[in-house]
Every structure is written in structure tokens, then in C-alpha cells.
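Have a go at each task before you read its solution.

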Amino acid sequence: MGDPFTVFPELETERIRLQQLTIGDLDVMYSIKSNPMVTNQYGRDPHTAILQTEKWIEVIAENYRDRSTLYWKIVNKIDGRVAGAITLWNMDLESHMAEVGYELHPDFWRKGIMFETMGCLLQWAFEDFGLNRVEACPLENNIASIRLLERAGFKLEGTLRERAYFGGKFLDQYYYALLKNDWVQVRRQ
Ligand SMILES: CC(C)(COP(=O)(O)OP(=O)(O)OC[C@H]1O[C@@H](n2cnc3c(N)ncnc32)[C@H](O)[C@@H]1OP(=O)(O)O)[C@@H](O)C(=O)NCCC(=O)NCCS
């Protein structure tokens, strides 16, 4: 495999392309990051100024230069529209592990797009990037994310009690992980 921090890995499924998220995606990412329907699901206030999204993309670029984060935009092949984004972050490459994060514009929800994207990313992460473990930490009330993870084969390892504070409440976070071996089993089924 080539070094993904030298040449960004572009991936593809039947319906979508995964390409490096850049400042050229500012407007579309602002439309997602400023939507409370999206951001409330992971316990963050929506962006209220495009400058916040610009700074967020700048941090992503810095983290790529630091070799700590890979951030893909999810492009709908039919019309070229950016549906959302997916990332591998919180990497510990000595331990061959990373966390996955993802979000879609609501126009694209419940069409199986993130399941398709996740499958493609996991294949690359385990087979090409050499990860052994991928983690995810949805909030207790994020049914869509929990369902997505369980369908992709992630296993619940525990509850991080009141790990988040959002909307005036402390919320539990669920700790999910998928090992390469789990993924091999899921693919055999
Ligand atoms: C989480 C998210 C990415 C899911 O994307 P999606 O493309 O709509 O999900 P999919 O269509 O691939 O669905 C995957 C599974 O989750 C289920 N699901 C999706 N949304 C659901 C919902 N709102 N309620 C219940 N189940 C849901 C689907 O039915 C499917 O399971 P099934 O095949 O057993 O029916 C999307 O809801 C989103 O962007 N949410 C806001 C951001 C977010 O929460 N990010 C994650 C932070 S941890």
C-alpha cells in the first residue's frame, strides 16, 4: 500500500466516490455543519457562521499534515453532489487502531449510503491501511448511528456514563468497536 498521508486514498463504491475533503467543499460542509438535525445527533451546536466551518476544515488539513486524521467527502456519483463526510481520526497507528466518524446531509439519510460508505472504508482500513481495530462512540440517543454500527458488525464494549453534556443534560456514550477478525466473519455471513 502507498502512504495515505502522501497520496490521499480515493475510494469508490457502486453509488459513491470517497475523495479528500478540502476547502473547496466549504459551502456544502457548512450546509451540513449548520444543520441542527445533524449536529444534535453527536451533541454539538450547529455552526452559525461559515468561518467556523472554514476553521474546522483548516484543522482537518493540519491533522492530515500531522498524519493523524484522514477525512473523505462522500460524493454521489449520479450528480456529483457531496452527501457528507467520513473520517478516521483519533489514530493510534502503533496499536493499529483508529476511530470512525461520519455525517450526512439529511437529504441523503436512510438510503443505505452510510452503510455502503462504511463498508468501503472498513475494507480499505483493514486490508490496505493495516488497522486491526476501528472504534465509534455514538451518544445513547443516536439510534441511526447505533443501528448503522450494529449492522456493520461493530460490537458494544461498554457504556461511557454521562460522558457528554448537551442540551442541558448529561448523556451516556456507547463504546463500539470492530476488529479485523470480526469484520472477516461478518463478510463471510
Ligand atoms: C448516522 C447516519 C450517518 C446514518 O446514515 P444513513 O445513510 O442514513 O444510514 P443507512 O441508510 O446506511 O442505514 C444504516 C442502518 O441504520 C438504520 N437507520 C438509519 N437511520 C435510522 C433512523 N433514523 N432510525 C432508525 N434506524 C435508522 C437503517 O434502517 C439501517 O439499518 P437496516 O439496514 O437494518 O434497516 C445519519 O443518520 C447522519 O448523518 N446522522 C447525523 C450525524 C451523526 O449522527 N453522525 C454519527 C455520530 S456518532
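Predicted model: local features only at pLDDT ≥ 70, side-chain atom pairs only at ≥ 80, totals over all residues.

Residues are numbered from 1 along each chain as its sequence is written, and side-chain values use heavy atoms, with hydrogens and water left out.

**Exercise 1.** Find how many residues surround the ligand, and sort them by class.

*Solution.* Start with the count: 21 residues surround the ligand (a heavy atom within 4 Å). The closest are Tyr102, Arg110, Gly112, Asn142 and Arg147. Next, sort the shell: 12 residues are nonpolar, 4 polar and 5 charged, with Gly counted among the polar ones. Finally, look at the elements: H5 (143–151) gives the largest share, 6 residues.

**Exercise 2.** Which backbone atoms lie within 3.5 Å of a ligand oxygen, as a polar contact (a pair of N or O atoms) requires?

*Solution.* Take Arg110, where a backbone N or O atom lies 2.7 Å from a ligand oxygen. For Gly112 the corresponding distance is 2.8 Å, and for Phe115 it is 2.9 Å.

**Exercise 3.** Locate Asn142 and decide: buried or exposed?

*Solution.* First, Asn142 is in the loop between strand E6 (133–136) and H5. Then check its relative accessibility: Asn142 counts as buried because the value is 9%, and buried means under 20% (1.4 Å probe, protein chains only). Last, follow the side chain of Asn142, which reaches the backbone oxygen of Gln41 at 3.1 Å.

Terms used. Polar contact = N/O pair within 3.5 Å; in protein donor to acceptor, adjacent residues only side chain to side chain. Helix = DSSP H or I, 4+ residues; strand = E, 2+ residues; numbered from the N terminus. Buried < 20%, exposed > 50% of the residue type's maximum accessible area, 1.4 Å probe, protein only.
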